[in-house]
Amino acid sequence: MRSSRENVAHAGLLTAKYSAFYTDKKAVAAGEKIVSDSACRRCHNIGADGGTAAADLNASAMKYTGEYLDGKIKNVNEYMPDFHFTDGERRVVILYLLNAASKQPKKVSEPYVAYITPSKKGAFEKHCGGCHRMITRIGGGKGTGNEAANLSGLLTEYFVSSVLPVGGKHWTEKRLKEWIKNPRSINKLAVMPPVRITDAELDKVIKDISGK
Ligand code: HEC
Ligand code: HEC
(Lines give C-alpha, C1' and ligand atoms only; values in the text may rest on other atoms or scores of the structure.)
(Ligands and ions follow the chains in the order given, each with its own letter.)
Protein backbone atom coordinates (compact mmCIF):
# COMPACT_ATOMS: atom_id res chain seq x y z
CA MET A 1 0.00 0.00 0.00
CA ARG A 2 2.89 2.32 0.70
CA SER A 3 5.06 1.25 -2.23
CA SER A 4 7.32 3.86 -3.66
CA ARG A 5 7.84 4.21 -7.37
CA GLU A 6 10.93 2.02 -7.33
CA ASN A 7 9.08 -0.79 -5.61
CA VAL A 8 6.43 -0.69 -8.25
CA ALA A 9 8.99 -0.58 -11.04
CA HIS A 10 10.96 -3.60 -9.99
CA ALA A 11 8.78 -5.49 -7.59
CA GLY A 12 10.77 -4.43 -4.57
CA LEU A 13 14.06 -5.58 -5.97
CA LEU A 14 15.54 -2.23 -6.81
CA THR A 15 17.50 -0.56 -4.01
CA ALA A 16 17.65 3.18 -3.47
CA LYS A 17 21.08 3.45 -5.02
CA TYR A 18 19.65 2.59 -8.44
CA SER A 19 16.19 4.02 -8.08
CA ALA A 20 16.83 7.34 -9.80
CA PHE A 21 16.89 5.94 -13.33
CA TYR A 22 13.62 7.65 -14.08
CA THR A 23 14.25 11.01 -12.46
CA ASP A 24 17.95 11.79 -12.43
CA LYS A 25 18.38 12.86 -16.04
CA LYS A 26 21.92 14.12 -15.51
CA ALA A 27 23.15 10.81 -14.12
CA VAL A 28 21.38 8.91 -16.90
CA ALA A 29 23.04 11.14 -19.51
CA ALA A 30 26.44 10.57 -17.88
CA GLY A 31 25.83 6.81 -18.04
CA GLU A 32 24.78 7.06 -21.65
CA LYS A 33 28.04 8.77 -22.53
CA ILE A 34 30.10 6.08 -20.81
CA VAL A 35 28.17 3.34 -22.61
CA SER A 36 28.70 5.08 -25.92
CA ASP A 37 32.42 5.77 -25.32
CA SER A 38 32.95 2.17 -24.22
CA ALA A 39 31.11 0.80 -27.28
CA CYS A 40 29.09 -1.69 -25.19
CA ARG A 41 26.85 -2.10 -28.24
CA ARG A 42 29.57 -4.06 -30.02
CA CYS A 43 28.23 -6.98 -28.01
CA HIS A 44 24.98 -5.93 -26.33
CA ASN A 45 21.64 -4.57 -27.39
CA ILE A 46 20.80 -1.56 -25.22
CA GLY A 47 17.62 0.48 -25.74
CA ALA A 48 16.64 0.32 -29.38
CA ASP A 49 20.07 -0.47 -30.71
CA GLY A 50 23.01 -2.86 -30.52
CA GLY A 51 24.66 -6.15 -31.36
CA THR A 52 23.63 -9.67 -30.50
CA ALA A 53 26.91 -11.34 -29.53
CA ALA A 54 26.12 -11.12 -25.80
CA ALA A 55 23.06 -10.67 -23.57
CA ASP A 56 20.29 -8.21 -24.50
CA LEU A 57 20.75 -5.73 -21.67
CA ASN A 58 17.15 -4.53 -21.89
CA ALA A 59 16.10 -8.02 -20.89
CA SER A 60 18.81 -8.18 -18.21
CA ALA A 61 17.70 -4.82 -16.79
CA MET A 62 14.08 -6.00 -16.63
CA LYS A 63 15.05 -9.25 -15.00
CA TYR A 64 17.79 -8.44 -12.51
CA THR A 65 18.52 -5.95 -9.73
CA GLY A 66 20.96 -3.07 -9.98
CA GLU A 67 23.32 -4.93 -7.65
CA TYR A 68 23.35 -7.94 -9.93
CA LEU A 69 24.14 -5.85 -13.01
CA ASP A 70 26.77 -3.97 -11.03
CA GLY A 71 28.48 -7.24 -10.10
CA LYS A 72 28.53 -8.34 -13.72
CA ILE A 73 30.28 -5.16 -14.82
CA LYS A 74 32.66 -5.17 -11.87
CA ASN A 75 33.67 -8.85 -12.01
CA VAL A 76 33.51 -9.68 -15.68
CA ASN A 77 33.44 -13.08 -17.34
CA GLU A 78 36.08 -14.20 -19.81
CA TYR A 79 34.70 -12.47 -22.87
CA MET A 80 33.50 -9.18 -21.49
CA PRO A 81 36.25 -6.57 -21.28
CA ASP A 82 37.07 -5.15 -17.83
CA PHE A 83 36.45 -1.43 -18.14
CA HIS A 84 37.84 -0.66 -14.66
CA PHE A 85 34.98 1.70 -13.90
CA THR A 86 34.80 3.44 -10.54
CA ASP A 87 31.78 2.74 -8.27
CA GLY A 88 30.29 6.07 -9.38
CA GLU A 89 30.73 5.27 -13.06
CA ARG A 90 29.09 1.86 -12.70
CA ARG A 91 26.19 3.44 -10.86
CA VAL A 92 25.40 5.89 -13.68
CA VAL A 93 25.91 3.18 -16.31
CA ILE A 94 23.29 1.08 -14.55
CA LEU A 95 20.92 4.02 -14.23
CA TYR A 96 21.24 4.45 -17.98
CA LEU A 97 20.67 0.72 -18.65
CA LEU A 98 17.52 0.74 -16.49
CA ASN A 99 16.31 3.92 -18.13
CA ALA A 100 16.92 2.61 -21.65
CA ALA A 101 15.17 -0.69 -20.87
CA SER A 102 12.18 1.05 -19.29
CA LYS A 103 11.54 2.88 -22.55
CA GLN A 104 11.55 -0.21 -24.75
CA PRO A 105 8.37 -2.02 -25.58
CA LYS A 106 8.66 -5.57 -24.33
CA LYS A 107 9.23 -7.86 -27.26
CA VAL A 108 9.13 -11.58 -27.50
CA SER A 109 12.43 -12.80 -28.84
CA GLU A 110 14.20 -16.09 -29.18
CA PRO A 111 15.91 -17.09 -25.95
CA TYR A 112 19.44 -15.83 -25.70
CA VAL A 113 22.08 -18.53 -25.55
CA ALA A 114 25.44 -17.64 -24.03
CA TYR A 115 28.49 -19.45 -25.27
CA ILE A 116 31.38 -18.21 -23.25
CA THR A 117 33.69 -21.18 -23.25
CA PRO A 118 36.33 -21.06 -25.97
CA SER A 119 35.24 -23.01 -29.03
CA LYS A 120 37.36 -25.45 -31.02
CA LYS A 121 40.43 -23.99 -32.61
CA GLY A 122 39.65 -22.40 -35.96
CA ALA A 123 41.28 -19.85 -38.23
CA PHE A 124 40.75 -16.96 -35.81
CA GLU A 125 42.39 -18.81 -32.91
CA LYS A 126 45.25 -19.87 -35.09
CA HIS A 127 46.14 -16.51 -36.60
CA CYS A 128 44.73 -13.91 -34.21
CA GLY A 129 43.75 -15.60 -30.96
CA GLY A 130 47.17 -15.34 -29.33
CA CYS A 131 46.81 -11.55 -29.14
CA HIS A 132 43.06 -10.93 -29.47
CA ARG A 133 39.81 -12.44 -28.25
CA MET A 134 36.21 -11.95 -29.27
CA ILE A 135 32.73 -13.34 -28.88
CA THR A 136 30.17 -13.95 -31.63
CA ARG A 137 26.57 -15.04 -31.31
CA ILE A 138 26.95 -18.15 -33.42
CA GLY A 139 30.57 -19.11 -32.82
CA GLY A 140 30.91 -18.27 -29.13
CA GLY A 141 34.13 -17.10 -27.52
CA LYS A 142 37.33 -17.28 -29.53
CA GLY A 143 40.94 -16.52 -28.74
CA THR A 144 42.71 -16.01 -25.43
CA GLY A 145 44.89 -12.95 -26.05
CA ASN A 146 44.65 -9.92 -23.83
CA GLU A 147 47.32 -7.61 -25.16
CA ALA A 148 45.34 -6.36 -28.15
CA ALA A 149 41.76 -5.16 -28.70
CA ASN A 150 38.74 -7.38 -28.05
CA LEU A 151 37.46 -7.73 -31.64
CA SER A 152 33.79 -8.55 -30.90
CA GLY A 153 31.47 -6.83 -33.36
CA LEU A 154 34.45 -5.77 -35.49
CA LEU A 155 32.54 -5.65 -38.78
CA THR A 156 29.51 -3.85 -37.36
CA GLU A 157 28.77 -0.14 -36.99
CA TYR A 158 29.16 -0.52 -33.22
CA PHE A 159 32.88 -1.16 -33.29
CA VAL A 160 34.80 2.10 -33.12
CA SER A 161 38.33 1.60 -34.37
CA SER A 162 41.29 3.15 -32.66
CA VAL A 163 43.61 2.69 -35.62
CA LEU A 164 41.65 3.64 -38.73
CA PRO A 165 42.49 7.14 -39.98
CA VAL A 166 40.13 9.92 -38.92
CA GLY A 167 36.92 10.01 -40.95
CA GLY A 168 36.56 6.25 -41.24
CA LYS A 169 36.04 4.70 -37.85
CA HIS A 170 34.39 1.51 -39.08
CA TRP A 171 35.92 -1.58 -40.61
CA THR A 172 34.91 -3.14 -43.91
CA GLU A 173 35.92 -6.59 -45.08
CA LYS A 174 38.23 -5.13 -47.70
CA ARG A 175 40.11 -2.86 -45.31
CA LEU A 176 40.35 -5.60 -42.73
CA LYS A 177 42.02 -7.90 -45.25
CA GLU A 178 44.53 -5.17 -46.09
CA TRP A 179 45.14 -4.56 -42.38
CA ILE A 180 45.75 -8.24 -41.62
CA LYS A 181 48.29 -8.58 -44.41
CA ASN A 182 50.01 -5.26 -43.70
CA PRO A 183 48.73 -3.08 -40.83
CA ARG A 184 51.06 -0.24 -41.79
CA SER A 185 49.36 0.15 -45.16
CA ILE A 186 46.37 1.41 -43.13
CA ASN A 187 48.12 3.16 -40.25
CA LYS A 188 51.83 3.99 -40.39
CA LEU A 189 52.14 3.72 -36.62
CA ALA A 190 50.52 0.30 -36.34
CA VAL A 191 52.13 -2.02 -33.80
CA MET A 192 50.44 -5.21 -34.98
CA PRO A 193 52.83 -7.28 -37.09
CA PRO A 194 51.73 -8.37 -40.59
CA VAL A 195 50.07 -11.81 -40.42
CA ARG A 196 51.46 -14.32 -42.90
CA ILE A 197 48.34 -16.01 -44.19
CA THR A 198 46.97 -17.58 -47.38
CA ASP A 199 43.89 -16.10 -49.06
CA ALA A 200 41.86 -19.19 -48.16
CA GLU A 201 42.79 -18.88 -44.46
CA LEU A 202 42.12 -15.15 -44.61
CA ASP A 203 38.59 -15.85 -45.83
CA LYS A 204 38.10 -18.23 -42.90
CA VAL A 205 39.27 -15.58 -40.44
CA ILE A 206 36.79 -13.08 -41.92
CA LYS A 207 34.04 -15.68 -41.65
CA ASP A 208 34.89 -16.28 -38.00
CA ILE A 209 34.84 -12.55 -37.28
CA SER A 210 31.54 -11.90 -39.03
CA GLY A 211 30.11 -14.82 -37.06
CA LYS A 212 28.45 -16.42 -40.07
C1 HEC B 1 33.35 -7.87 -26.13
C2 HEC B 1 31.93 -8.04 -25.86
C3 HEC B 1 31.36 -7.23 -24.71
C4 HEC B 1 31.40 -5.87 -24.53
C5 HEC B 1 32.07 -4.81 -25.40
C6 HEC B 1 30.63 -5.60 -23.34
N7 HEC B 1 30.15 -6.78 -22.82
FE8 HEC B 1 28.90 -6.96 -21.23
N9 HEC B 1 28.94 -8.98 -21.43
C10 HEC B 1 29.63 -9.68 -22.40
C11 HEC B 1 29.46 -11.10 -22.17
C12 HEC B 1 30.07 -12.22 -23.00
C13 HEC B 1 28.64 -11.23 -21.03
C14 HEC B 1 28.20 -12.52 -20.32
C15 HEC B 1 26.80 -12.85 -20.57
C16 HEC B 1 26.60 -13.16 -22.01
O17 HEC B 1 27.26 -14.06 -22.55
O18 HEC B 1 25.80 -12.48 -22.61
C19 HEC B 1 28.31 -9.87 -20.62
C20 HEC B 1 27.47 -9.59 -19.56
C21 HEC B 1 27.10 -8.31 -19.18
C22 HEC B 1 26.13 -8.01 -18.15
C23 HEC B 1 25.32 -9.04 -17.37
C24 HEC B 1 24.10 -9.40 -18.18
C25 HEC B 1 23.29 -10.53 -17.62
O26 HEC B 1 22.13 -10.67 -18.03
O27 HEC B 1 23.81 -11.29 -16.81
C28 HEC B 1 26.06 -6.65 -18.05
C29 HEC B 1 25.17 -5.84 -17.12
C30 HEC B 1 26.98 -6.11 -19.03
N31 HEC B 1 27.60 -7.15 -19.70
C32 HEC B 1 27.19 -4.76 -19.22
C33 HEC B 1 28.09 -4.24 -20.15
C34 HEC B 1 28.37 -2.83 -20.29
C35 HEC B 1 27.72 -1.72 -19.48
C36 HEC B 1 29.29 -2.72 -21.29
C37 HEC B 1 29.99 -1.47 -21.76
C38 HEC B 1 30.59 -0.63 -20.73
C39 HEC B 1 29.57 -4.06 -21.77
N40 HEC B 1 28.82 -4.95 -21.05
C41 HEC B 1 30.43 -4.34 -22.82
C42 HEC B 1 30.34 -9.14 -23.44
C43 HEC B 1 30.59 -7.78 -23.63
C1 HEC C 1 51.25 -10.61 -32.35
C2 HEC C 1 49.98 -10.11 -31.87
C3 HEC C 1 48.86 -9.89 -32.88
C4 HEC C 1 48.34 -10.81 -33.76
C5 HEC C 1 48.79 -12.23 -34.04
C6 HEC C 1 47.21 -10.16 -34.38
N7 HEC C 1 47.07 -8.89 -33.91
FE8 HEC C 1 45.64 -7.55 -34.40
N9 HEC C 1 46.47 -6.16 -33.20
C10 HEC C 1 47.61 -6.36 -32.42
C11 HEC C 1 47.95 -5.12 -31.75
C12 HEC C 1 49.11 -4.92 -30.79
C13 HEC C 1 46.97 -4.18 -32.15
C14 HEC C 1 46.86 -2.72 -31.64
C15 HEC C 1 46.79 -1.69 -32.69
C16 HEC C 1 48.08 -1.37 -33.39
O17 HEC C 1 48.57 -2.21 -34.18
O18 HEC C 1 48.60 -0.26 -33.23
C19 HEC C 1 46.08 -4.87 -33.06
C20 HEC C 1 44.99 -4.28 -33.69
C21 HEC C 1 44.09 -4.93 -34.50
C22 HEC C 1 42.95 -4.32 -35.10
C23 HEC C 1 42.52 -2.87 -34.97
C24 HEC C 1 41.47 -2.70 -33.91
C25 HEC C 1 40.89 -1.30 -33.98
O26 HEC C 1 40.90 -0.61 -32.96
O27 HEC C 1 40.40 -0.94 -35.05
C28 HEC C 1 42.32 -5.27 -35.85
C29 HEC C 1 41.07 -5.11 -36.67
C30 HEC C 1 43.08 -6.48 -35.69
N31 HEC C 1 44.16 -6.23 -34.89
C32 HEC C 1 42.76 -7.67 -36.30
C33 HEC C 1 43.55 -8.81 -36.23
C34 HEC C 1 43.22 -10.05 -36.92
C35 HEC C 1 41.96 -10.29 -37.71
C36 HEC C 1 44.27 -10.91 -36.66
C37 HEC C 1 44.41 -12.31 -37.19
C38 HEC C 1 44.37 -12.47 -38.62
C39 HEC C 1 45.21 -10.22 -35.81
N40 HEC C 1 44.74 -8.95 -35.58
C41 HEC C 1 46.39 -10.76 -35.33
C42 HEC C 1 48.30 -7.53 -32.28
C43 HEC C 1 48.08 -8.69 -32.98
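I started with ligand 2: helix α7 (residues 173-181) gives the largest share of its shell, 3 residues. Helices here are DSSP runs of H or I with at least four residues, strands are E runs of at least two, and both are numbered from the N terminus. This is a predicted model, where local features need pLDDT of at least 70, side-chain atom pairs count only at pLDDT 80 or more, and totals for chains, interfaces and linings use all residues. Residues are numbered from 1 along each chain as its sequence is written, with chains lettered from A and ligands numbered from 1 in the order in which they are written.

I found 23 residues around ligand 2, with C128, C131, A148, S161 and M192 the closest; a residue is near if its C-beta atom, placed from the backbone, lies within 6 Å.

Next I checked ligand 1, which has 25 residues around it, and C40, C43, A55, S60 and M80 come nearest. Two or more residues each come from α2 (25-38), α3 (57-63) and α4 (66-74), and α4 gives the largest share, 3 residues. Domain 1 (18-102) and domain 2 (123-210) both contribute to this shell, so ligand 1 lies between them. The domain bounds come from an automatic or database domain assignment.

Last, I looked at α8. Which of its residues are buried? I noted V205, D208 and I209, buried being 20 or more other C-beta atoms within 10 Å of a residue's own, and exposed 12 or fewer. On the other side of α8, D199 and A200 are exposed. Just after α8, G211 takes a positive phi of about 70°.
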